[in-house]
Amino acid sequence: MGFRCGIVGLPNVGKSTLFNALTETAAAQAANYPFCTIEPNVGQVAVPDPRVQALAEIAGSAKTIETQLGFVDIAGLVRGASKGEGLGNQFLANIREVDAIVHVLRCFEDDDVTHVEGRIDPIADAETVETELMLADLDSLERRVPALLKKGTGGDKEAKAQAAVLAPVLDLLREGKPARLGRPIDPEAARLFEQAQLLTGKPVLYVCNVEEGSAAAGNTQSARVFERAAAEGAQAVVVSAAIEAEIATMTPDERAEFLSDLGLAETGLARVVRAGYALLDLITFFTCGPKETRAWTIPSGARAPQAAGAIHSDFERGFIRAETIGYDDYVACRGEAGAREAGRLRSEGKDYGVQDGDVMLFRFNV
């Protein structure tokens with residue numbers, strides 16, 4: 001089960017530099033001119049979680065495997081992308097394929113790095129990208145909603161249901177508001193909303209790319225972005241892409257010393273990945289044994305068979321039960337045997353809602 005965040009923004013804001021640091025590769029060419037990223041580069045990034053090592057030590061595991069989050073470096077957008085300007089059509093198509101948007105905003109001054117619109121204003125940059133995405137969604141729904149309404153009037157129940165969900169979203173877009181503000185709470189309506197693949201229907205994480213000296217506390221520009229994020233229910237983090245690029249080349253010991261000197265408790269990578277994980281409303285469960293301790297990703301609210309399916313489809317198809325221990329109980333009881341003896345190991349059925357941190361062993365028959 002893969003989850004992917006698309007890294008977007010105007011040209012020269014630090015997208016590819018951040019992507020390189022996130023994936024610790026040089027897969028994306030970072031250059032001081034627009035459109036240096038032509039094809040979306042995809043990288044898998046381990047989600048930092050100290051629980052993995054703690055469980056592995058108790059279980060005596062030979063190796064550990066952290067869960068991962070995918071990041072896609074998407075070509076820079078320019079004004080007019082919704083009408084095909086720059087690499088607009090390709091940009092919009094690539095965004096449709098991701099689960100969430102990581103919007104990198106330039107919050108630093110540097111005369112040596114040009115800005116495509118000749119000024120440093122992260123809020124204006126955010127609005128430029130958001131406007132292009134809203135225009136693309138508006139164009140899509142203005143063609144689709146009337147057709148759905150016509151089919152619904154003719155007795156097509158599915159079209160009628162889709163129109164009931166998308167017509168209010170079209171009204172929002174006409175008011176200059178993103179589609180995500182109209183995301184339904186009802187599960188079936190939410191399913192229809194997701195099927196529409198609206199660009200502004202995806203959750204957003206703002207990444208404020210600041211200069212090295214502001215990496216710990218941010219600056220006045222990043223503060224403006226945090227205010228915007230709070231107002232629209234989005235998330236924001238501060239990162240110095242330049243620092244992250246430097247850290248990516250260091251050994252673990254060198255990183256720790258470097259971060260300490262800068263007054264940072266953790267890398268920007270850790271903040272971005274953790275925020276992306278939360279943005280997608282994901283949780284982690286674990287499997288432990290002598291061979292390995294492994295973290296697995298599932299959506300919050302997933303049932304036990306869905307968690308089993310994250311490991312293998314046969315596990316879900318033939319699911320019988322899940323022997324489950326909460327993380328705190330596993331640690332306190334020093335493993336499965338201790339948890340069983342203390343009565344902290346539970347046998348859960350198909351309706352069990354998996355909790356973040358559960359240590360699970362699946363029984364199945366196919």
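Q: What describes the packing of helices H4 and H5 in this predicted model?
A: Two packed helices are described by the angle between their axes and the distance between the axes. The axes of H4 and H5 come within 8 Å and cross at roughly 145°. The crossing is left-handed.

Q: What makes the contact between H4 and H5?
A: Contact needs heavy atoms within 4.5 Å. On H4, the residues that make it include Met 134, Leu 138, Leu 141, Val 145 and Leu 148. On H5, Ala 163, Leu 166, Ala 167 and Leu 170 are among them. By class, the contact has 13 nonpolar, 2 polar and 6 charged residues.

Q: Why is Thr 128 called buried?
A: Buried means under 20% relative accessible area. Thr 128 has 4% relative accessibility, so it counts as buried. Thr 128 is found in helix H4, residues 122-153.

Q: How far apart are Thr 128 and Gly 9, in sequence and in space?
A: They are 119 residues apart in sequence. C-alpha to C-alpha, the distance is 9.2 Å.

Q: Why are the buried residues of H2 placed on the same side of the helix?
A: The buried residues of H2 (residues 50-59) are Arg 51, Val 52, Leu 55, Ala 56 and Ile 58. They cover an arc of only 160° around the axis, so they lie on the same side of H2.

Q: What do the buried residues of H2 pack against, and which exposed residues does the face turned away carry?
A: The buried residues pack against strands E3 (63-65), E8 (282-288), E9 (292-299) and E12 (359-364), and against helix H13 (327-332). The face turned away from the buried side carries Pro 50 and Glu 57. Both are exposed, a term that requires over 50% relative accessible area. Just after H2, Gly 60 takes a positive phi of about 65°.

Q: How do you know that the buried residues of H6 are on the same side?
A: In H6 (residues 187-195), the buried residues are Ala 189, Leu 192 and Phe 193. Their arc around the axis is only 105°, which puts them on the same side of H6. What covers them includes helix H5 (157-174).

Q: What makes the pair of Asp 186 and Glu 188 a polar contact?
A: The cut-off for a pair of N or O atoms is 3.5 Å. At the start of H6, a side-chain oxygen of Asp 186 reaches to within 3.2 Å of the backbone nitrogen of Glu 188. The pair therefore meets the distance cut-off.

Q: Which residue follows H6, and what is its phi?
A: Gln 197 follows H6, with a positive phi near 50°.

How values were computed: Residues are numbered from 1 along each chain as its sequence is written. This is a predicted model: local features need pLDDT of at least 70, side-chain atom pairs count only at pLDDT 80 or more; totals for chains, interfaces and linings use all residues. Side-chain values use heavy atoms; hydrogens and water are left out. Buried means under 20% relative accessible area, exposed over 50%, partly exposed in between (1.4 Å probe, protein chains only). Helices (H or I, at least four residues) and strands (E, at least two) are DSSP runs, numbered from the N terminus. The arc is that of the directions from the helix axis to the C-beta atoms. A polar contact is a pair of N or O atoms within 3.5 Å; within protein, one must be able to donate a hydrogen and the other to accept it, and residues adjacent in sequence count only if both atoms are side-chain atoms. Axes are lines fitted to C-alpha atoms, for helices over the stretch in contact, and angles run from 0 to 180 degrees between N-to-C directions. A crossing is left-handed if the near helix is turned anticlockwise from the far one by less than a right angle, and right-handed if clockwise. Ala, Val, Leu, Ile, Met, Phe, Trp, Tyr, Cys and Pro count as nonpolar, Asp, Glu, Lys and Arg as charged, and the others, Gly among them, as polar.
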